[in-house]
Amino acid sequence: MRRRVAWAAGLGCYVLAVIAGMYVLADDVGLAVQVPLWVVHGALLFLGIRKFGARESSSYAALFIVVVSSMAVAVAGIARDDLTLQQRGETVVATVVGERLDPADGRKSRDSYYTLEHEDGTRVPGPEMRTTSDLYDVGQTVTVIADPEADLRPQTPGQADATGEVLGAAGFALAAVGSVVWMAWRGAATERETGEAAGRARLRREQEERLREALRAYPADRRGYIKVSSGEYPDLTHGRAARIAWEEGLRAEAAGNRGVWRFGETVIEEVPHR
């Protein structure tokens, strides 16, 4: 059990380390590098999860962990831009001097883009401000946080709040680690169930052997029946006992039994054996 817990803890730490590493690499490498890295991560997860021995599919669990981990990285990337803007940005009052929409693309929603200027007529640094709906008109003033280095889009204080993204990224990371824990728990349950099944099978074999010995050793009564107490063989069905008796050259009586099993060479009504 300790080894299973240690392995689950190590695999969970590995999942978190991969999320952190991919978060750091996200801005430096493209999808051509990220996708193979995620594939390798999934393969290693599959091998690690298989060690738990759960009945549930290790491949599906590994795929789920990779998906939610990549979502955690993506959401954390959004939060990083918002946090960076909050840290180094400057709050300014700007005027909307230009507005445009995304080109029409079927039923896909169209984002709005706004060109902003300071009160002195200089342009607010950075790309155009973007919103998911048409919120402002040309000539309207708006308070935004602008990036002095002109790398990030200006955003309103409400847009730059990264609380939701941080919670979302944490939630996806927790789901990834939780999947590892769940597979470890299912593996422990499977191991326990397997052990219990093996124990029952051993008891059944022992009771079968005892019944064989009883059929060979017990004397028959005056009616030709060998009687054994069914309570001594709780893991055997009457049908299984009949099969053992048949293998010993006897038949199991189905009629007139009162807490006992009766076996003889001839019976009134034979118990079907299997």
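Colleague: What do the numbering and the cut-offs rest on?
Modeller: Residues are numbered from 1 along each chain as its sequence is written, and side-chain values use heavy atoms, with hydrogens and water left out. This is a predicted model, in which totals for chains, interfaces and linings use all residues, local features need pLDDT of at least 70, and side-chain atom pairs count only at pLDDT 80 or more.

Colleague: Which pattern does the protein chain follow along the sequence?
Modeller: Helices (H or I, at least four residues) and strands (E, at least two) are DSSP runs, numbered from the N terminus. The protein chain has 5 helices and 7 strands. Read in order, the pattern is α-α-α-β-β-β-β-α-β-α-β-β.

Colleague: What radius of gyration does the protein chain have, against that of a compact globule of 274 residues?
Modeller: The radius is taken over C-alpha atoms, and the globule rule is 2.2 Å times the number of residues to the power 0.38. The C-alpha atoms fill a box of roughly 120 × 40 × 30 Å along the principal axes. A compact globule of 274 residues would be near 19 Å, but the protein chain has 36 Å.

Colleague: What share of the 274 residues is buried?
Modeller: Buried means under 20% relative accessible area, exposed over 50% and partly exposed in between (1.4 Å probe, protein chains only). By that rule, the buried share of the protein chain is 36%.

Colleague: What share of the contacts with a separation of 6 or more comes from residues 24 or more positions apart?
Modeller: A contact means heavy atoms within 4.5 Å. Among contacts in the protein chain with a separation of 6 or more, the share from residues 24 or more positions apart is 62%.

Colleague: How is the pair of Tyr 114 and Tyr 136 classed?
Modeller: Rings of Phe, Tyr and Trp (its six-membered ring) pair if their centres lie within 6.5 Å; planes under 30 degrees apart count as stacked, over 60 as edge-to-face and the rest as tilted. The structure holds 2 aromatic pairs. In this one, the centres are 5.4 Å apart and the planes are at 80 degrees, which is edge-to-face.

Colleague: Why does the pair of Tyr 114 and Tyr 136 tie together parts that are apart in sequence, and how many residues separate them?
Modeller: Both Tyr 114 and Tyr 136 are buried. Tyr 114 lies in strand S2 (residues 112-117), while Tyr 136 is in the loop between strand S3 (129-131) and strand S4 (141-146), so the separation in sequence is 22 residues.

Colleague: How do the rings of Tyr 233 and Trp 261 lie, stacked or edge-to-face?
Modeller: Tyr 233 is buried at 3% relative accessibility, and Trp 261 is buried at 8%. Their ring centres are 6.2 Å apart and their planes are at 15 degrees, so the pair is stacked.

Colleague: Which elements do the buried residues of H5 pack against?
Modeller: Helix H5 spans residues 238-247. Its buried residues are Gly 239, Ala 241, Ala 242, Ile 244 and Ala 245. They pack against H4, strand S6 (251-252) and S7.

Colleague: Which residues does Thr 190 touch, leaving out those up to four places away in sequence?
Modeller: Thr 190 lies in helix H4 (residues 163-217). At 8% relative accessibility, Thr 190 is buried. The residues touched are Gly 53, Ala 54 and Arg 55.

Colleague: Which residues are in contact with Ile 49, leaving aside neighbours within four places in sequence?
Modeller: Ile 49 sits in helix H2 (residues 31-50) and is buried, with a relative accessible area of 0%. The C-alpha atoms of Ile 49 and Thr 122 are separated by 57 Å, at 73 residues apart along the chain. The contacts of Ile 49 are Leu 11, Ser 58, Ala 61, Ala 62, Ile 65 and Met 183.

Colleague: Where is Thr 95, and how far in space is Thr 95 from Val 68?
Modeller: Thr 95 belongs to strand S1 (residues 90-101) and counts as partly exposed at 24% relative accessibility. Residues touched by Thr 95 include Thr 115, Leu 116 and Glu 117. Thr 95 and Val 68 are 27 residues apart in sequence, and their C-alpha distance is 40 Å.

Colleague: What is phi of Ala 150, a residue other than glycine?
Modeller: Ala 150 is in the loop between S4 and H4 and is partly exposed at 36% relative accessibility. Its phi is positive, near 65 degrees.
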